[in-house]
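Work through the following exercises with the sequence and the model side by side, and try each task before reading its solution.

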Amino acid sequence: MVTAINNVSVKGKQVNIVIEDGRIRSIGKATRTGKGVTVIDGTGLTALPGFIDMHVHLREPGFEYKEDIESGCAAAVRGGFTAVACMPNTKPVTDSPYLVKYILMRAAQADKCRVYPVAAITQGEKGEQLSEMKKLKDAGAVAFSDDGVPVSDSRMMKNALLYAATFGLTLIEHCEDKSLAEGGVVNEGENANLLGLPGISNAAEDAEIARNIVLSEVYDAPLHLAHVSTRGGMQLIREAKARGVKVTCETCPHYIALTDAEIAGYNTAAKVNPPLRTEKDRLAVIAAIKDGTADCIVTDHAPHSKEDKDGGMYDAPNGISGLETSYAVCYTTLVESGTITQERLSELMTYNPAAILGVECGRLEKGGLADITLVDNGAEWTVDPQKFASKGKNTPFAGKTYKGRVEYTLVGGKVVYARREEI
Ligand SMILES: [Zn+2]
């Protein structure tokens with residue numbers, strides 16, 4: 001199989017890319033034509049290494065009415081993602097080798113992007129007994145997390161860290177002190193008060209981040225902290241990294257671009273955990289992206305049905321359907337604004353997540369894996385969730401306009417998404 005992408009921009013240079021058998025054969029003047037060659041006109045487009053989202057919820061098995069692996073993968077490639085790592089808070093929880101293999105089988109059937117299962121740290125995500133991490137890894141799990149809930153018991157977390165470190169496994173921790181967060185539905189502060197809603201303080205996140213840093217530092221074990229949203233959390237991580245603690249972290253497009261002002265009118269589309277915070281926190285998250293404190297941008301893609309999200313601020317589940325807006329939001333907020341370079345965005349959306357998960361990613365060089373996303377950075381578009389491939393239409397970005405549109409997604413050199421086929 002040969003694919004030729006002609007006249008495309010790579011790091012500011014106009015080139016042709018020839019792909020053969022899933023890898024880049026050449027980048028430069030040479031191109032290919034003829035029978036059996038897929039030719040893409042890259043005029044006006046920029047080629048980027050395919051995005052890797054190391055934090056998504058594909059909902060299968062158990063919640064297929066919210067999303068399934070097929071619709072989730074379709075959403076991923078529509079958003080320019082060539083690989084996603086899916087969280088284990090399914091039903092049943094992904095805590096057995098059988099379920100890890102089931103997810104891989106369903107992903108192979110969907111045949112869109114690469115899917116890397118994340119398995120549970122504790123059995124049933126109950127926080128009582130460690131899962132059989134080694135067996136889960138052998139079945140294909142790339143990392144471990146009880147995401148959705150934290151491992152609240154510090155002794156359990158310590159054991160998980162020591163166990164994982166022995167086998168070189170990656171742990172991802174959802175940082176939330178449940179006793180501090182209890183009862184809250186949105187960020188604590190002025191906007192919550194205006195609506196008369198109980199708030200979740202930054203302390204709930206910061207306290208748990210601090211505990212996790214202490215454990216990682218004392219036991220010298222690597223740990224990845226999920227969806228960091230607070231200024232205090234980012235400062236703790238910045239200081240820990242400076243001391244040489246083996247912590248890494250991620251944040252999400254919604255913490256970069258939005259604040260808790262979005263909850264006005266009891267907007268359940270803006271209900272997410274951790275909650276959208278204040279402008280001060282948003283700016284601190286951007287500063288952390290700029291100075292290297294934040295390693296990755298993930299979507300925390302959390303699709304829900306309309307019925308679920310119509311349940312009111314107290315009952316509506318947390319989460320944003322994020323795969324199909326991530327690139328545009330990040331490009332507009334971070335790159336177009338001049339805050340970071342396009343190359344730094346590739347670190348956050350491709351290279352760093354790949355390194356943390358220990359998987360190969362696309363690279364725009366001879367011999368590189370041909371997981372490639374072609375974007376039109378000049379194109380402006382307005383978010384219309386009804387056009388999402390995801391079953392989850394829940395997004396606070398609806399109706400907002402951004403620059404940067406995904407035009408093609410290639411996985412192993414094969415076109416798995418082409419926007420022109422939608423028009
Ligand atoms: Zn989480």
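**Exercise 1.** Determine which strand order the open sheet containing β6 has, and which strands stand at its edges.

*Solution.* The open sheet of 4 strands runs in the order β6-β7-β8-β9, with parallel pairing, where helices (H or I, at least four residues) and strands (E, at least two) are DSSP runs numbered from the N terminus, and two strands pair if DSSP finds at least two bridges between them. The edges are β6 (51-56) and β9, each having a single partner strand, so one side of each is left without a neighbour in the sheet. Next, take the pairing of β6 with β7 (residues 81-86), which is parallel and extends over 4 bridges; here D53 stands opposite V84 in β7. Finally, helix α14 (residues 342-357) lies across β6, β7 and β9, running at about 55 degrees to β6 (axes are lines fitted to C-alpha atoms, for helices over the stretch in contact, with heavy atoms within 4.5 Å, and angles run from 0 to 180 degrees between N-to-C directions).

The model is predicted, so local features need pLDDT of at least 70 and side-chain atom pairs count only at pLDDT 80 or more, whereas totals for chains, interfaces and linings use all residues. Residues are numbered from 1 along each chain as its sequence is written, and side-chain values use heavy atoms, with hydrogens and water left out.

**Exercise 2.** Describe the open sheet that contains β13 and β14, and find the helix that packs on it.

*Solution.* This open sheet of 4 strands has the order β10-β13-β14-β15, again with parallel pairing, and its edge strands, β10 (172-173) and β15 (296-297), each pair on one side only. Within it, β13 (residues 223-225) and β14 (residues 247-251) pair in the parallel sense over 3 bridges, and L225 has C249 in β14 as its bridge partner. Helix α8 (residues 231-242) packs on the sheet and touches β13 and β14, its direction making about 150 degrees with that of β14.
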